[in-house]
Amino acid sequence: MASGYDRAAVVSGADLGDAARRRNVPGTPQQVLVPQPQGDDKKKAPKQPSVLDVLDQWEWVISPIVFTALAFFTRFYKIGLSPIVTWDEAHFGKFGSHYLKREFYFDPPAGKLLVGLSGYLAGYNGSFEFKSGETYPPEINYTFMRQFNAFWGAVCVPMAYWTAKELNLRRAAVWLVTLMVLCENSYTTISRFILLDSMLLFGTVATTLCWAKFHNQRRNSFEPEWFFWLFMTGLSIGFVTSVKLVGLFVTALVGLYTIEDLWNKFGDIKMPIPVLAAHVAARVVGLIILPFLVYLLSFAIHFAVLTNSGPGDAQMSSLFQANLRGTEVGRDSPLEVAYGSQVTIKNMGYGGGLLHSHVQTYPEGSSQQQVTCYHHKDANNNWFFYPNRRDAPYDPTADPRFIADGETIRLLHAQTGRNLHSHQIAAPVSKSQWEVSSYGNATIGDEKDHWKVEVVSDAASRDRSKIRTLTTGFRLKHEVLGCYLRAGNVNLPQWGFKQIEVTCTKENNPRDTYTHWNIESHTNEKLPPGDPGQYKSPFLKDFIHLNVAMMTSNNALVPDPDKQDDLASQWWQWPILNVGLRMCSWDDKIVKYFLLGNPLVYWGSTAGLGVFALLLVWYVLRWQRGYRELSHAEIDQIHYAGLYPVAGWFLHYLPFVIMARVTYVHHYYPALYFAILTFGFLADWFLRNQKVAVQSGVYALLYTALVGLYVYFMPICWGMTGPNKDYSYMKWFDSWRMSDA
């Protein structure tokens, strides 16, 4: 038999490495003899790759497709089973109706715009009221509207896969993270209704993915792909903040990363100053200006679409309202205000309401009639301009006498006949300011009912000698105390119906817009009608005004101690899956949905946060003792794939611990995503150096448990029909109220 070495080949050192490694022979740059194929060996065909080899090679394509298909199936299957308005569909469906009817309201617009778009595509005309528990009429394709929302939740699954890959997790851990998002029952359920949570999750996951992509381009600064992912991160931030202000939390995470990144570059003395300046400028444009422009654009569309009067009118300035179709503000109102005029008076501060009084009295202080600011239109907002008590009494038969700048007047409440009044009694909430009340009547009172008019601006004229409807801004100075009527965005307690506190501030600050007022509506039979609504308010002023109104309204959503909210929950209950949420009536005749997570996802991810903290402490202590067991690459992996997801969890969770507003289980869902990423990192970290059999066994157990529990609790996602006692097997704890049994 011919020798395998009867032909020699010269192999260079560069080519030898792979051949030497295959034979476990140390490679050298010397010439060596390697066996050459002889005889029949030359005729053997190259080995064909196996099916497993092909699957392994194309895993990066096959896995996202499979996971995406499963995501769409689980989110779309039987999505139209329940024909009733479920949970917060009553709110967000109504917002969509406002867009279709072009009725003005206030709130972050992007998500509601998309709800309105889904209704438009479904052929809905906006006429349905979306009352909770009401059956959808045949003309509304609610199934399509739900599918539109489910799309956003479904695409979170492949994005979670790509994010885990960008965080340099190994394949098994990437699959684990993706399965945890796919098989999270609460994510499935919340995505199947006309709500904003699936869009919020989409924006959060997309921002995290783009940030991870951008981070991995850090060695390719100013290359096209680097710019692409920088701007995609900015676009994602703009989108998620336009859906809900909760998007500011993931924005803060990207901001922390950016600060750290630029700080490190600042410390690199080898980097030229122009290059450092370019890095700063690129991030300012991509991560501040671009997101702000996206956010601004959503409001520009909001204002352009909503041109009719609607339920959000009173939150806006009087000039803005006057330019809405169908509004009563400024319509046929006389232009100039005279004694005897009946008016409504609007506070010009951002989020300001209408000066208001009602028969209820202060429970402490003067115990006189309350004065507040109120955002809804009713008869208690009406006031009369009357002369002060030193002047001649108002004569309704005399010619009209216009109110000039600098005049001292009285304001008489139309419904109760009492005077706007202030005295040296501390305000109920803002103790450093004086209380404002309604006191006396047209004939009974004193000089503490007197207010001096100080005109500060006029959008229609340079002549500030008179008060004009809508356009004139003025202050009211108390004649005796020298304080100014003010309505900051401070809400009264429940005894004041959560309305805005009105005070008399001792500070004389002409720039304080919360001391500025204007006439919103005006009636006086002696004066001809005018058209004060011909003047428009600037877009940026409207934009700021609306955003302040949103934050003020959100801050007012505090728990009412006099009412029990069976759906609300506490922040400490979420990470331990202590409680769920009934999304509809629990009648046996309707389809029921219960908002509850996968126990393994919740408990595993929460435990993972604690384990990561211990892991960090362990390595810090070891480092302090002189051990240098981690390579630079491993430290980077802990930093970016472990520490940043934990930071993301804290940023999304802690605000709900601090804030006083009413909270529900779905407020935890963005934070849960970062806890899932942390769990995936820990699984990858602890199993990376284990034997293949150990890794396979642990991951197989986790995969099986995830899918098994997901299927076990699937009825709460796809709908429970029939008697709820049939589902008592899922009620592991009394607080899991999917069954009354």
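At what angle do helix α11 (residues 224-243) and α13 pack, and how far apart are their axes? The two helices pack at an angle of about 35 degrees, with their axes 8 Å apart; axes here are lines fitted to C-alpha atoms, for helices over the stretch in contact, and angles run from 0 to 180 degrees between N-to-C directions. Helices (H or I, at least four residues) and strands (E, at least two) are DSSP runs, numbered from the N terminus.

This is a predicted model, in which local features need pLDDT of at least 70 and side-chain atom pairs count only at pLDDT 80 or more, while totals for chains, interfaces and linings use all residues. Residues are numbered from 1 along each chain as its sequence is written, and side-chain values use heavy atoms, with hydrogens and water left out.

Contact, meaning heavy atoms within 4.5 Å, involves residues including Trp226, Phe227 and Leu230 of α11 and His279, Ala282 and Arg283 of α13.

A search of the whole structure finds 71 aromatic pairs, where rings of Phe, Tyr and Trp (its six-membered ring) pair if their centres lie within 6.5 Å, and planes under 30 degrees apart count as stacked, over 60 as edge-to-face and the rest as tilted. The rings of tryptophan 58 and tryptophan 60 are stacked, because their centres are 6.2 Å apart and their planes lie at 20 degrees. The rings of phenylalanine 303 and phenylalanine 539 are edge-to-face, since their centres are 5.7 Å apart and their planes are at 85 degrees. This second pair links distant parts of the chain, with phenylalanine 303 in helix α13 (residues 273-305) and phenylalanine 539 in helix α15 (residues 539-555), 236 residues apart.

| Residue | Relative accessible area | Class |
|---|---|---|
| Tryptophan 58 | 41% | partly exposed |
| Tryptophan 60 | 52% | exposed |
| Phenylalanine 303 | 13% | buried |
| Phenylalanine 539 | 32% | partly exposed |

Turning to the backbone, leucine 577 has a positive phi of about 55 degrees although it is not a glycine. Leucine 577 is found in the loop between α15 and β14 (581-582), and at 3% relative accessibility it counts as buried.

Technical notes. Buried means under 20% relative accessible area, exposed over 50%, partly exposed in between (1.4 Å probe, protein chains only).
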